[in-house]
Amino acid sequence: AKVKYRVTRQVQMPWWCYWYRPGADREITHGTTSTDAQGKFSVTFTAYPDRTIAEADEPVFTFVVHADITDSAGETRSDSKSVRVGYAAMGVSMSTEPFLDADKPFSVPLNTQTLDGKGIPANGSVLAYSLKSPAKAQRRDFFNDVADLSDYTRWEQDQVAAEQTFNSTIDGTASVSFTLKPGAYRLVATTRDRFGKTVTARQNLLVVDQQASRFPIRVPHVFLSKTTYLEPGQTFTGIWGTGYEEGQAYVEVEHRRKILKSYWTDAKVTQHRVEVPVTEEMRGGFTVHVTYIRENQAYVEKTQI
């Protein structure tokens, strides 16, 4: 059978390269060929990288081979195959909860994998950096997303607060543990592939003292919750905070379009603990709304439980 094929390239960047805006897929090559006596065929191409993207940013390129085959009856069948290629032969990833409790140990799961997602053993280190906070909370900047200091994930790294090493198992899993003071941090995991190429991963996180009345992190507004799935008899807990010297938020608890509870937080505190006991009548879920207005901007959170 006759075969028409084309190869396109897609670019995948690490999530911390927030400045990158993906463009259209780039065609690398195209052509025609024929199947052999067993109906098989092969496509050969050079996996050209996008040279406009720095190697240090650790991009991964997905090359997609599209093939269209027309049989003797004139019917066309199509299929595709993807191949992931990068400057390094593996990747590392990690994850944490939305926020962590201060002065209590917490674990950070890690995964080391080939670019096709197969676990692979590796060793490396994880450094917890404190972040350089602005002198005061910044108003959200809608016109300069990259330099928006209202978002703590844009802050630069400061000093190393803690360090741990890891050795992942044959399936590529590992875990490290940290105990940190309240603040904003960035975890940086570093390992090497079998060719000695450095591979990194980053994870931003907030560490909060849930019993505090002052929010120590210089962001205009946050509302944090660890889980949105609960059973009757349990209690939903959320933390609202502002990095301004003073602030007052409006909290509403809504169930089936009815407001069960609404109140203003204490204007004298900048961190407030929202607690909602879950009853049998609240099965099906409820919604917690938190609204905060500062410097002519509204910060509105809607958390469905």
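I began with strand β15 (residues 250-255) and strand β16 (residues 258-264), and found them paired in the antiparallel sense over 6 bridges; two strands pair if DSSP finds at least two bridges between them, and strands are DSSP runs of E with at least two residues, numbered from the N terminus. I note that this is a predicted model, in which local features need pLDDT of at least 70 and side-chain atom pairs count only at pLDDT 80 or more, while totals for chains, interfaces and linings use all residues. Residues are numbered from 1 along each chain as its sequence is written, and side-chain values use heavy atoms, with hydrogens and water left out.

R256, in the loop between β15 and β16, has a positive phi of about 50° although it is not a glycine. R257, in the loop between β15 and β16, has a positive phi of about 65° and is not a glycine either. I recorded R256 as exposed, with a relative accessible area of 64%, and R257 as exposed, with a relative accessible area of 81%; exposed means over 50% relative accessible area, buried under 20% and partly exposed in between, with a 1.4 Å probe and protein chains only.

**The open sheet**

I then traced an open sheet of 5 strands in the order β6-β12-β11-β8-β9, with mixed pairing. Its edge strands are β6 (100-101) and β9 (157-167), each of which pairs on one side only. Within it, strand β11 (residues 183-192) runs antiparallel to strand β12 (residues 198-208), and 10 bridges join them. I noted T191 standing opposite V199 in β12.

**Around T153**

I next looked up T153, which is placed in the loop between β8 (123-131) and β9. Its side chain makes a polar contact with the side chain of D151 at 2.8 Å, and the T153 side chain makes another with the side chain of R154 at 3.3 Å. A polar contact is a pair of N or O atoms within 3.5 Å; within protein, one must be able to donate a hydrogen and the other to accept it, and residues adjacent in sequence count only if both atoms are side-chain atoms. Leaving aside residues up to four places away in sequence, T153 touches Y18, R186 and N204, where contact means heavy atoms within 4.5 Å.

**Aromatic rings**

A search of the whole structure gave me 10 aromatic pairs; rings of Phe, Tyr and Trp (its six-membered ring) pair if their centres lie within 6.5 Å, and planes under 30 degrees apart count as stacked, over 60 as edge-to-face and the rest as tilted. F45 is partly exposed at 25% relative accessibility, whereas F63 is buried at 0%. For Y152 and W155 the centres lie 6.5 Å apart and the planes stand at 75°, so the pair is edge-to-face; I found both Y152 and W155 buried. I also noted W240, Y292 and Y299 as one aromatic cluster.

Technical notes
Helix = DSSP H or I, 4+ residues; strand = E, 2+ residues; numbered from the N terminus.
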